[in-house]
Amino acid sequence: PPIGLESHRIEDDQILASSMLRHGLGAQRGRLNMQAGTNEDDFFDGAWCAEDDSRAHWLEVDTRRITMFTGVITQGRDSQIHDDFVTSFYVGFSNDSQHWVMYSNGYEEMMFYGNVDKDTPVLTEFPEPVVARYIRIYPQRWNGSLCLRLEVLGCPMSAVSSYYTQQNEVTSTDNLDFRHHSYKDMRQLMKVVNEECPTITRIYNIGKSSRGLKIYAMEVSDNPGEHETGEPEFRYTAGLHGNEALGRELLLLLMQFLCKEYQDGNPRVRGLVTDTRIHLVPSLNPDGYELAQEAVRGRQVEQRGRMWGAGMGCGALGWDGKAVGCSPLLTAHHCPGLATGLQAGHLRLETRAVMAWMDKNPFVLGANLQGGEKLVSFPFDTVRPSPPTPAAAPRPLDYEEEHPELQETPDHAVFRWLAISYASAHLTMTETFRGGCHTQDVTDAMGIVQGAKWRPRAGSMNDFSYLHTNCLELSIYLGCDKFPHESELQQEWENNKESLLTFMEQIHRGIKGVVTDQQGEPIANATIVVGGINHNIRTASGGDYWRILNPGEYRVSARAEGYNPSVKTCHVLYDIGATQCNFILSRSNWKRIREIMAMNGNRPIRRVVPGRPMTPRERLRLRMRLRHRMRLREQMRLRRLNATMATSGPTAPPSTTALPFPFSSTAYMPWSQEPPTAGTWEMDTETEVVTELVTDTE
């Protein structure tokens with residue numbers, strides 16, 4: 001297994017070098033898969049580089065314990081402009097860092113061959129393991145400048161020499177399956193968990209990958225397969241990028257842990273399973289993982305994983321709000337156009353499947369597990385242009401028209417709380433004195449950061465979830481090493497176990513309730529509005545809702561089409577447990593008002609105020625309108641009269657009295673007794689109402 005250069009278990013002061021070109025290319029930058037910063041000439045470049053081209057330079061690692069070294073992995077410099085890598089090298093060992101023994105084949109010092117490009121990691125295994133404490137790499141030939149990134153493979157043979165490092169080593173007492181699982185092994189493990197706990201687990205798939213592999217999910221609930229009214233739904237997803245394997249294994253371990261602890265009667269786990277519907281998706285990108293696992297055997301994880309990861313990245317697959325109808329620049333809740341996005345042809349099968357799954361289930365809280373850093377990122381992940389400065393306000397001298405600014409979500413304080421709940425419970429995430437995995441610490445010593453501040457990008461899964469659904473979603477970056485060795489999984493589980501449970505419990509913070517009508521029937525798709533927070537949510541099919549809020553007092557209203565809104569004051573306490581806030585809505589007369597508006601051609605209907613005299617112009621318009629309606633009414637009466645005469649027998653002789661309009665003496669049923677048609681009823685009603693108004697006004 002690797003001793004931990006990439007994962008940063010080997011600290012900076014354990015890596016030494018004979019020289020360095022500058023501080024940004026020092027020995028501490030010589031870790032496998034170390035990435036250069038935005039500006040390669042700063043303190044965070046992408047490799048260790050010697051100050052000149054002498055063959056006497058070396059890179060040394062102190063393991064602080066007796067170790068059986070079995071090999072090394074070498075890599076060139078991460079750079080967009082330089083092509084530097086080592087092609088051959090010697091290896092030396094020591095127990096005191098003073099006397100060194102070179103690795104030999106029995107006759108002479110053995111030459112090892114390294115890289116042929118700067119990106120692909122190359123595994124070099126020693127024919128025979130060597131036991132020592134220190135190891136040195138002596139580059140002999142290279143391309144470009146002498147630059148190197150390194151990982152050392154070996155097994156510890158004694159206790160660690162550092163007290164502080166020893167304190168961080170935790171041995172798990174959970175009887176779980178700590179190993180990497182292929183697609184077939186993952187499916188088998190989920191089946192075993194389901195068989196052990198059939199009453200609280202269910203296996204289903206949310207769709208298929210591009211290669212036809214099913215994307216499996218495990219549901220953990222006291223009533224699996226059914227949404228219970230009043231029970232919130234939570235999700236953990238992992239494997240968005242194929243080479244990020246740690247999140248996948250943590251979710252498989254979490255499945256086993258919940259099953260075993262529920263059976264053993266753990267009250268904390270039983271409470272979670274009973275009160276929450278939990279969904280676990282260990283691999284959103286099964287195709288990418290299979291490719292990455294194949295690359296592990298050839299020690300080309302980063303290259304193969306990144307290539308596939310770029311194809312599975314959020315932005316590349318259409319998580320962008322613009323692709324499905326909106327963006328955080330336009331609105332802060334429930335963008336229209338999700339159905340259009342699901343049918344978009346440019347989206348991959350995996351993406352459409354996940355979007356449909358998110359739309360189908362009323363998720364309240366979720367997180368996607370990733371790798372390559374150790375922090376928690378929350379939305380928004382995109383930036384927006386600066387708003388226009390008012391003409392009266394003077395612009396600063398360094399004002400830039402296109403300078404982007406961070407945009408906080410309306411739930412910024414809630415997101416910070418959720419992120420801190422995970423980071424603070426993690427055993428090492430807040431140890432920011434070590435810095436970041438590749439650059440300086442961007443979390444202000446808290447282990448959390450807004451995505452747009454750290455790595456701005458459009459179309460992230462977090463932004464999509466916030467803008468299109470009720471779910472608050474965060475990204476949890478589990479560590480520097482995306483594909484850790486099996487021997488490290490036990491330690492990683494202990495690092496994250498408490499955080500995984502604590503984060504799930506946050507779903508029961510805020511308010512919850514049911515929206516019904518006066519007959520007790522649930523109202524689906526009603527809008528819940530919290531005063532002062534410009535982000536609304538909607539009720540589920542059973543009329544139930546959940547709204548995560550920080551402690552405080554909130555003015556909450558419920559609104560629905562065809563109902564009068566209802567407003568309540570809800571108090572959120574500090575303890576875990578959502579406050580119950582139910583709403584009963586009464587029917588409104590807006591439906592009838594819209595019908596009357598439609599009868600008037602959707603034109604504004606002037607309200608005549610009693611007691612206020614009409615102007616001559618208004619009086620003239622009203623008379624013209626009344627005359628027009630009277631003509632229409634007379635024409636309708638004549639058409640009915642003629643139709644009746646055509647179907648009846650001979651009529652009586654006409655009267656000698658001249659009338660101003662055609663008239664027949666045939667006996668007809670009075671208008672008041674005739675069944676009026678829809679058009680007749682509407683015309684009569686309008687005429688009578690307007691006539692009354694004119695009479696009152698005059």
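User: What must DSSP find for two strands to pair, and over how many bridges do strand E20 and E21 pair?
Analyst: Two strands pair if DSSP finds at least two bridges between them. In this predicted model, strand E20 covers residues 527-530 and runs antiparallel to E21. Within this pairing, Ile528 stands opposite Ile537 in E21. The number of bridges between E20 and E21 is two.

User: Which strands stand at the edges of the open sheet that contains E21 and E24, and why is one side of each left without a neighbour?
Analyst: The open sheet consists of four strands with antiparallel pairing, in the order E21-E20-E23-E24. Each edge strand has a single partner strand, so one side of it is left without a neighbour in the sheet. The edge strands are E21 (537-538) and E24 (566-572).

User: How many helices and how many strands does the protein have?
Analyst: The protein is made up of 698 residues, of which 50% count as buried. Its accessible surface comes to about 33,600 Å², and 52% of that surface belongs to carbon and sulfur atoms. The elements number 16 helices and 26 strands.

User: Among contacts between residues at least 6 apart in sequence, what percentage join residues at least 24 apart?
Analyst: A contact requires heavy atoms within 4.5 Å. Among the contacts in the protein between residues at least 6 apart in sequence, those joining residues at least 24 apart make up 76%.

User: At what angle do the axes of helix H9 and helix H12 cross?
Analyst: Two packed helices are described by the angle between their axes and the distance between the axes. For H9 (residues 349-360) and H12 (residues 461-468), the axes come within 11 Å. The crossing is right-handed, and its angle is roughly 35 degrees.

User: Which residues of H12 are met by residues of H9, and how do the residues of this contact divide into nonpolar, polar and charged?
Analyst: From H9, the contact involves Val354, Met355 and Met358. The residues of the contact divide into five nonpolar, one polar and no charged. On the H12 side, the residues are Met461, Phe464 and Ser465.

User: How many of the residues of strand E18 are buried?
Analyst: Strand E18 (residues 472-479) pairs with strand E13 (residues 363-370) in the parallel sense over six bridges, and Ala367 stands opposite Leu474. Strand E14 (residues 373-378) is joined to E18 by five bridges in an antiparallel arrangement, with Ser377 as the bridge partner of Ser475. Strand E18 is largely enclosed by the rest of the structure, because its buried residues number eight of the eight.

User: Is Glu488 buried or exposed?
Analyst: Glu488 lies in the loop between E18 and helix H13 (489-505). Leaving aside neighbours within four places in sequence, Glu488 is in contact with Pro2, Ser7, Arg9 and Asp481. Buried means under 20% relative accessible area. Since the relative accessibility of Glu488 is 6%, Glu488 counts as buried.

User: Which peptide bond is cis, with omega near 0 degrees?
Analyst: Most peptide bonds are trans. Phe380, in the loop between E14 and strand E15 (383-385), takes part in a cis bond. The bond concerned runs from Pro379 to Phe380.

User: What is phi of Asn33, and what is phi of Arg64?
Analyst: Most residues other than glycine have a negative phi, but Asn33 and Arg64 have positive values. Asn33 lies in the loop between strand E1 (15-17) and strand E2 (48-49) and is buried, with a relative accessible area of 8%. Arg64 lies in strand E3 (residues 59-75) and is buried, with a relative accessible area of 15%. Phi is near 65 degrees for Asn33 and near 60 degrees for Arg64.

Key
Residues are numbered from 1 along each chain as its sequence is written. This is a predicted model: local features need pLDDT of at least 70, side-chain atom pairs count only at pLDDT 80 or more; totals for chains, interfaces and linings use all residues. Side-chain values use heavy atoms; hydrogens and water are left out. Buried means under 20% relative accessible area, exposed over 50%, partly exposed in between (1.4 Å probe, protein chains only). Accessible areas come from the Shrake-Rupley method with a 1.4 Å probe; for residues, only the protein chains shown count as cover. Axes are lines fitted to C-alpha atoms, for helices over the stretch in contact, and angles run from 0 to 180 degrees between N-to-C directions. A crossing is left-handed if the near helix is turned anticlockwise from the far one by less than a right angle, and right-handed if clockwise. Ala, Val, Leu, Ile, Met, Phe, Trp, Tyr, Cys and Pro count as nonpolar, Asp, Glu, Lys and Arg as charged, and the others, Gly among them, as polar.
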